[in-house]
Number of protein chains: 2
Amino acid sequence: MQASLEIDGGEELTERQKDVLNAALRLLVEEGDRLTMTAVARRASCSKETLYKWFGDRDGLLTATVQWQASKVRVAPIDRARIDLPSLTASLEGFASDWLSVISSETSIALNRVAIARAGSDGHGLGAIVLENGRMALARRLKPVLEAARDKGLLAFDDAETAFRSFFGLVARDVQIRLLLGDGLKLTEAQIGRDAALATRQFLALYGANDNRDEGRRRKPPSS
Amino acid sequence: MQASLEIDGGEELTERQKDVLNAALRLLVEEGDRLTMTAVARRASCSKETLYKWFGDRDGLLTATVQWQASKVRVAPIDRARIDLPSLTASLEGFASDWLSVISSETSIALNRVAIARAGSDGHGLGAIVLENGRMALARRLKPVLEAARDKGLLAFDDAETAFRSFFGLVARDVQIRLLLGDGLKLTEAQIGRDAALATRQFLALYGANDNRDEGRRRKPPSS
DNA sequence: AGTATGCCGTACCGTACGTTACGGTTCGGC
DNA sequence: GCCGAACCGTAACGTACGGTACGGCATACT
């Protein structure tokens, strides 16, 4: 049945297997894509034979590791009953600072690096998984909030996808690409808070419906 | 004298050497980080001995290739005498669509992929070069425009760097990370034009000084 | 007790690739 | 014509690493 992408991963794993994957994950953060099966076996105090029995090959180990990390950050969908401008603002700031914390974490950087490195040659398996549990998961969590806010008349937009992508851009800016390229950018907790607040204010300025500004939102391109 | 980073590259190269680097570049786009010295030699119709004589080792070849590509995209600094809102808008749209074209090109994707892959383990040489000729070069070209517009009263901001990063985010959004991760995102010329226009409108909405809105720009965070 | 299963540690194999070495060819200078 | 330098093509070397095989040990089941 082809089991499209096998996103679930992380279930039906022995405790021992989780330990092994955690070791692989730590090694991945330290060594990047050049970790060796021998090193993983040594770090996890298991034999290479076991690695191959459990995960098939190096690719399988990497995939399982990425899925395992993904399954750890899965969050409960937010249940939000009533929403007003303060709670919307707080919610957006929460999303923004969560996202900034994630993309600036050593783990996320390492995972994105190997997924990007392998997206060039091999099948894009890892890239799809990382994307699905990163950007796409964020969109799935944020869009209902945006749409609820629109229903309440707090936001105005035609397409939730477009609005989300603007929010994404205002939050991430150049942070992720700079970190991935090894720039020595340091994000303190305080800086993340300020950046999240700025991005939220800017997003509300662009998509907020509480007054008569509508620049850059629904106006169609003049002619063509 | 340590020659910090040796950014210039591309000068003092034989025509033949440029041919070799172009071959390496094409191969890098096709094969990604797993190109072999043998393959480069075969593609460039030169001997491996020559490759090692000219570039030292595999790392040197990769670095020279990236610098060579960087030296090709260097553009003349814009000379802009008088500036008004229409010309500022056109200029911003130009920057935006140029940047979208660059980051969605096969060459840029391939180069960023190998630089990111190698930023994990080795020294961040390639990452620094890519960053310097990508994001940083864009900032150097755009900031004078922003500041000239501020002098004319068309824009309002305290920090050109912050304004630039907002513009960067509004333009790039999730495009680069998705492409690097192998998402099948296709950017047509028309779509790039629309996205550039939208980003420009949104940027002007946030940082334009032609009316009384000031959300998310100079208002300081309430307390902390 | 005896046996089977699962796993650890390690030695081993095959291959891919970076790097070096070498013979042959072209070309500019005398 | 002769020489040396540069370079091409290819063979050879050394190593690193993915993947496999095997012996030993511990636990569980009969």
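Of the atoms of DNA strand C within 4 Å of the protein, what percentage belong to sugar or phosphate? In this predicted model, where local features need pLDDT of at least 70, side-chain atom pairs count only at pLDDT 80 or more, and totals for chains, interfaces and linings use all residues, the share is 58%, with the rest belonging to bases. Residues are numbered from 1 along each chain as its sequence is written, chains are lettered from A and ligands numbered from 1 in the order in which they are written, and side-chain values use heavy atoms, leaving out hydrogens and water.

DNA strand C is surrounded by 15 residues (near: a heavy atom within 4 Å), and the closest are Arg16(A), Thr50(A), Lys48(B), Glu49(B) and Arg58(B). Lys48(B), in turn, has a side-chain N or O atom 2.3 Å from a base oxygen. Helix 3 (48–55) of chain A and helix 3 (48–55) of chain B are the elements that give two or more residues to this surface (helices: DSSP runs of H or I, at least four residues, numbered from the N terminus).

Turning to helix packing, helix 4 (residues 58–73) and helix 7 (residues 125–133) of chain A have axes (lines fitted to C-alpha atoms over the stretch in contact, with angles from 0 to 180 degrees between N-to-C directions) that come within 10 Å and cross at roughly 0°. Helix 4 of chain A is therefore roughly parallel to helix 7 of chain A (angles under 35 degrees).

Notes:
Parallel < 35°, antiparallel > 145°, perpendicular 65-115°, else oblique. Polar contact = N/O pair within 3.5 Å; in protein donor to acceptor, adjacent residues only side chain to side chain.
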